[in-house]
Amino acid sequence: RVETYMHQDNLFQADRDLQSVIQHYQNTDDGVLEDASRILSELKQLQELPEQTEEETERIIEIENGDEE
């Protein structure tokens with residue numbers, strides 16, 4: 001489910017779910033906590049990247065008048 005959130009760019013919910021797993025999952029022998037910690041680390045790196053936004057630019061098209069001599 002966390003990876004789905006990440007693919008949907010819902011990093012906040014992915015972070016919350018991973019934090020919950022790390023805090024409440026009790027079995028320490030099956031690798032789930034290690035996986036959750038690894039994915040959380042990757043998620044934190046994604047959150048630190050600057051947002052990619054399209055710059056809004058004003059486009060001006062100049063049309064020359066054919067009457068110029």
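Analyst: Helices (H or I, at least four residues) and strands (E, at least two) are DSSP runs, numbered from the N terminus. This is a predicted model, in which local features need pLDDT of at least 70 and side-chain atom pairs count only at pLDDT 80 or more, while totals for chains, interfaces and linings use all residues. Residues are numbered from 1 along each chain as its sequence is written, and side-chain values use heavy atoms, with hydrogens and water left out.

User: What percentage of the residues in the chain is buried?

Analyst: A residue is called buried under 20% relative accessible area, exposed over 50%, and partly exposed in between (1.4 Å probe, protein chains only). The chain has 69 residues, and the buried share of them is 19%.

User: Which residues does Ala-14 contact, leaving aside its neighbours within four places in sequence?

Analyst: Contact means that heavy atoms lie within 4.5 Å. Ala-14 belongs to the largest nonpolar core, and, once neighbours within four places in sequence are left aside, its contacts are Val-2, Tyr-5, Met-6 and Leu-43.

User: Why can the buried residues of H3 be said to lie on the same side of that helix?

Analyst: The buried residues of H3 are Leu-33, Ala-36, Ile-39, Leu-40 and Leu-43. They lie on the same side of H3 because the arc they cover around the axis, taken from the directions from the helix axis to the C-beta atoms, is only 125 degrees.

User: Which helices do the buried residues of H3 pack against, and which residues are exposed on its other side?

Analyst: The buried residues of H3 pack against H1 and H2. On the other side of H3, the exposed residues are Gln-45 and Glu-48.

User: Which side chain is joined to that of Asp-15 by a polar contact of 2.7 Å?

Analyst: Asp-15 lies in helix H2 and is buried, with a relative accessible area of 12%. Not counting residues up to four places away in sequence, Asp-15 touches Leu-40, Leu-43, Lys-44 and Gln-47. A polar contact is a pair of N or O atoms within 3.5 Å, where, within protein, one must be able to donate a hydrogen and the other to accept it, and residues adjacent in sequence count only if both atoms are side-chain atoms. The side chain that makes this 2.7 Å contact with Asp-15 is that of Lys-44.

User: Is Asp-17 buried or exposed, and with which side chain does its own side chain make a polar contact?

Analyst: Asp-17 is found in helix H2 and has a relative accessible area of 13%, so it counts as buried. Its side chain makes a polar contact of 3.0 Å with the side chain of Gln-13.

Terms used
A nonpolar core is a set of buried Ala, Val, Leu, Ile, Met, Phe, Trp, Tyr and Cys residues joined through side-chain atoms within 4.5 Å.
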